[in-house]
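The tour below goes from one selection to the next.

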Amino acid sequence: MRGPAPTTRARSRRQLQQNKATKLAFHVYLRTGLCIPGRRTFANRLFQLVEVNVMKAFLLACIAAAIVAALAVGILNRVQQPVEQAFATSAVRL
Amino acid sequence: MAFFGKYLRLVLGACAFLLIIATSTPSGAQQVNPTASSVKEQQLLQELNRVQGRVSIPDQRSGVLEQPAGRDWREFRNVTLRWIGGIAILGMLAMLAIFYLSRGMVRLESGRSGRSIVRFTAFERFVHWMTATCFIILAISGLNITFGRPLLLPLIGFEAFSEWSQWAKYAHNYLSFPFTIGVVLIFLMWIVGNIPNKVDVDWLKRGGGLVGHDHPPAYRFNAGQKAIYWIVVIGGAAVAGTGYELMFPFYLSGIEGMQLAEIVHSVVAVLFVAAMLAHIYIGTVGMEGAFEAMGSGTVDINWAKEHHRLWLEEENARTGANDARPQPAATAAE
């Protein structure tokens with residue numbers, strides 16, 4: 001079941017820079033001083049985890065959440081009354 | 001004699017002056033002492049158990065000025081809840097930090113095979129991320145309600161805090177709907193794989209592979225993931241139910257019911273946040289290869305073999321042992 005041997009850190013870094021979108025992010029990332037190239041720092045791992053995939057499912061999920069929330073705005077505004085209306089009266093007794 | 005009379009008049013005058021001061025001071029204090037009325041209010045509350053009157057606005061419930069349950073609730077809201085939330089969330093963060101420093105990332109011991117298998121479909125990932133995104137915003141905006149005043153307000157000032165809290169409240173209300181839909185879909189999608197069984201007992205006895213380098217077998221979801229599933233389903237149902245009760249005041253219950261709903265909502269929510277911190281940890285920096293399952297939807301064959309061997313065997317039996325597809329060359333591997 002074993003495939004090719006695990007890739008080296010240098011190759012991993014090269015792969016990281018292949019993607020145009022991540023190239024700029026990687027450049028900024030290096031300049032921020034968060035990572036020490038070639039070392040297994042916490043920040044290195046986190047960055048690689050996030051950039052590995054362009055998550056279409058994630059983007060669609062955000063859009064769907066925004067659409068449902070917008071529908072909720074319409075529904076809630078119909079059901080709920082603002083305070084100044086809900087507790088208003090036409091006259092007061094002094 | 002004349003001298004004595006003069007002396008007597010002086011003494012009497014001094015006494016009269018002191019008497020005027022002595023008698024005038026209490027009446028002056030009574031006029032400006034703001035605590036005198038509150039003492040009476042406190043006595044009234046002790047006598048009657050509540051302070052209420054009549055109001056001319058339509059909502060007669062607003063005539064209740066003070067009631068014992070309200071004071072208990074305020075004490076919980078301002079003191080007890082902050083302790084529960086602080087201990088749960090900071091305690092979890094501390095535990096995770098200690099675990100990471102002592103155990104480190106759970107590595108793929110057999111390395112990457114170069115072949116992958118589908119772990120979650122696009123729809124499953126879509127539902128997961130919709131729920132997760134909403135949860136993060138709900139958690140931040142909810143924690144702002146509990147901890148914002150003592151922690152954030154001194155840092156950013158009244159105007160910024162007021163503006164931020166207003167928008168956070170809107171987001172909290174409106175994003176509860178996609179979150180609830182997500183919880184319902186998660187319940188329906190993964191209920192089959194999350195029924196506890198004997199394999200889970202063995203998995204728990206062996207520490208789930210987190211302690212040491214053991215790899216206890218598991219089906220599609222191990223006992224830890226099942227725990228997270230039920231926390232999401234039960235906790236999500238609890239916060240959604242109580243949240244909607246609070247969102248529609250007096251539709252479902254009176255003030256006592258709403259106070260109870262707020263207590264349940266807030267306690268479950270802070271524990272929920274603490275549990276999700278552990279989930280986020282193990283899904284990202286805690287375990288090598290775990291994030292890919294919800295990122296690309298596929299996992300390495302060796303990852304599946306180490307962490308979900310029984311599930312891999314099931315999949316192989318169902319689709320054929322050599323059906324796993326090669327991983328794309330661009331996939332970063334460590």
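Two residues are in contact here if their C-beta atoms, placed from the backbone, lie within 7 Å. The model is a predicted one.

**Stop 1: helix 5 and helix 7 of chain B**

Select helix 5 of chain B and helix 7 of chain B; their axes come within 10 Å and cross at roughly 145°. The crossing of this pair is left-handed. On the helix 5 side, show Ser176(B), Thr180(B), Val183(B), Ile186(B), Phe187(B) and Trp190(B). Their partners in helix 7 are Tyr229(B), Val232(B), Val233(B), Gly236(B), Ala237(B), Ala240(B) and Gly243(B). Coloured by class, the contact residues divide into nine nonpolar, four polar and no charged.

**Stop 2**

Move to the loop between helix 7 and helix 8 of chain B and pick Phe250(B). Most residues other than glycine have a negative phi. Phe250(B) counts as partly exposed because 13 C-beta neighbours lie inside 10 Å, a number between the limits of 12 or fewer for exposed and 20 or more for buried.

**Stop 3: chain A**

Of its 94 residues, 11% count as buried.

**Stop 4: where helix 4 of chain A meets helix 4 of chain B**

Bring chain B back and select helix 4 in each chain. The two axes come within 8 Å and cross at roughly 60°, and this crossing is right-handed. Chain A residues in the contact include Phe58(A), Cys62(A), Ala65(A), Ala69(A) and Leu76(A). Across from helix 4 of chain A, the chain B residues include Arg125(B), Phe126(B), Trp129(B), Met130(B) and Tyr174(B). By class, the contact has 17 nonpolar, two polar and one charged residues.

**Stop 5: the largest nonpolar core**

Keep Ala65(A) selected. Which residues does Ala65(A) touch, not counting those up to four places away in sequence? They are Met130(B), Thr133(B), Cys134(B), Leu175(B) and Pro178(B).

The largest nonpolar core has 30 residues, and Ala65(A), Met130(B), Cys134(B) and Leu175(B) touch the most other members. Two or more residues come from each of helix 4 (56-79) of chain A and, in chain B, helix 4 (122-174), helix 5 (176-190), helix 7 (223-247) and helix 8 (255-283). Helix 4 of chain B gives the most to this core, with nine residues. For a second, separate core of 19 residues, select Ile117(B), Phe120(B), Tyr219(B) and Ala304(B), which are among its members.

**Stop 6: two residues for distance checks**

Go to helix 11 (residues 309-319) of chain B and pick Ala317(B). Ala317(B) is exposed, because 9 other C-beta atoms lie within 10 Å.

Finish at Gly70(B), in helix 3 (residues 68-103) of chain B. Gly70(B) is partly exposed, with 15 other C-beta atoms within 10 Å. From Gly70(B) to Gly182(B), the C-alpha atoms are 34 Å apart, and the two residues are 112 residues apart in sequence.

How values were computed. Residues numbered from 1 in each chain as written. Chains lettered and ligands numbered in written order. Predicted model: local features only at pLDDT ≥ 70, side-chain atom pairs only at ≥ 80, totals over all residues. Core = buried A, V, L, I, M, F, W, Y, C linked by C-beta atoms within 7 Å. Helix = DSSP H or I, 4+ residues; strand = E, 2+ residues; numbered from the N terminus. Axes fitted to C-alpha atoms, helices over the stretch in contact; angles between N-to-C directions. Left-handed = near helix turned anticlockwise from the far one by under 90°. Nonpolar A, V, L, I, M, F, W, Y, C, P; charged D, E, K, R; others polar.
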